Amino acid sequence: MFDILDNGAILLGNNFTIDGHYRRLFRVITHFHSDHLLELDKSIKECSSIIATPITLDAALVLGYTIPKHKRIDLDYGITLDVLDEKIRLEKADHIMGASQVVIKTDNIELAYTGDFKNPGKGTPILNPDVLIIDATYGNPAHKRPYKHEAEILFSDYIRDALIQGPVRIFGYYGKIQEAMRILRQYDVDAPFIVSGKVKDLTNVAIKHGIKINDVFDEKSKEGKEIMKDGWYISFKHATEFKNRNNTATNFLLDGWILKDFIRRVDQKSFIIGLSSHADFQDTMYYIENTTSDIIVVDGSRSKYAKDLVEYARKNIPKKDFIILPKL
């Protein structure tokens, strides 16, 4: 009733493949990061429907995936869809906008996959299926963030202080950029946001779906150019552009792998900040300890730390059964 293939496809029930391609009736997308959109073009051709939250499906379009209307199934959180004697439900995952956990009920067995998440028990509901498949991105016991509960306010304070010196550039991956925008507005950092390209388009998706981000301007627009001349603004760029940065602004790269310290200086005008959209090791263990699931399947297709997580969990939670898939 469940499996994880070498290509990253999560198979649940009889009809669903998640975050990877396999020729089944339904392809489910938990969120729009590239390692969860694997072979989506194949799924669009070979699966009858693509299921995800409306934000995720809109974001996939921005990223170049054309899903025909008759194949698109927009499924909001908490809504159960009955298909071919199985039921599917998406639950929130606190990761990036639109991210979800997937619950499949089939033959009186409930199966679930967390996808990427953080804040279990708070922003991410802890599920209680018969079998739980869990992400293990930060699966090594050393992967702990001592600052995680203060990360959002620390991030906002560093950006606010940097704005005193002039413009700021923030570099991050799609989805994390929009989360950074939301955090800054939540903590009353009110400098205008300057965007372009896919960052602009994904920000428009976020705003369309009610995420509280305001005062966003296209860098090519008349207003955007005037704001940039004034020199008080925050510009957002994809993480891959960090290598092309210059010292005309204070530069911040968002990187979840900065674990021990929240901020690291790269050069006089550049820093790496540990703003992560993933659970650390402690949060992953918290999810496992608090779910009633007795069978825990650890996703080894997207993390090299699945074995570390399972070795630790078997020693500390002997009443649960742990499996790594695909088999190492």
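Helices (H or I, at least four residues) and strands (E, at least two) are DSSP runs, numbered from the N terminus.

## Basis of the report

The model is a predicted one, in which local features need pLDDT of at least 70 and side-chain atom pairs count only at pLDDT 80 or more, while totals for chains, interfaces and linings use all residues. Residues are numbered from 1 along each chain as its sequence is written, and side-chain values use heavy atoms, with hydrogens and water left out.

S100 is buried, with a relative accessible area of 1%, where buried means under 20% relative accessible area, with a 1.4 Å probe and protein chains only. Contact means heavy atoms within 4.5 Å, and, when neighbours within four places in sequence are left aside, the residues in contact with S100 are I29, T30, T53, Y77, L90, E91, K92, A93 and T114.

## Helix 3 and its buried face

Helix 3 has 13 residues (residues 151–163), which at 1.5 Å a residue should span 18 Å, and this agrees with its end C-alpha atoms, which are 18 Å apart; the expected span is 1.5 Å times one less than the number of residues. The buried residues of helix 3 are A151, F155, S156, I159, A162 and L163. Seen down the helix axis, these buried residues fall within an arc of 130°, so they line one face of helix 3; the arc is that of the directions from the helix axis to the C-beta atoms.

The buried residues of helix 3 pack against helix 4 (176–186) and against several strands, among them strand 12 (168–172) and strand 18 (270–273).

## Where helix 3 meets helix 4

Helix 3 and helix 4 pack at an angle of about 80°, with their axes 9 Å apart, and they are therefore roughly perpendicular to each other, a term for angles of 65 to 115 degrees. From helix 3, the residues E152, F155, S156 and I159 meet E179, A180, R182, I183, L184 and Q186 in helix 4. By class, this contact has five nonpolar, two polar and three charged residues.

## Helix 5

The buried residues of helix 5 are V199, L202, T203, V205 and A206. These residues cover an arc of only 155° around the axis, which puts them on the same side of helix 5. Among the elements that they pack against are helix 2 (54–62), helix 4 and strand 13 (193–195). Just after helix 5, G210 takes a positive phi of about 90°.

Key. Buried < 20%, exposed > 50% of the residue type's maximum accessible area, 1.4 Å probe, protein only. Axes fitted to C-alpha atoms, helices over the stretch in contact; angles between N-to-C directions. Parallel < 35°, antiparallel > 145°, perpendicular 65-115°, else oblique. Nonpolar A, V, L, I, M, F, W, Y, C, P; charged D, E, K, R; others polar.
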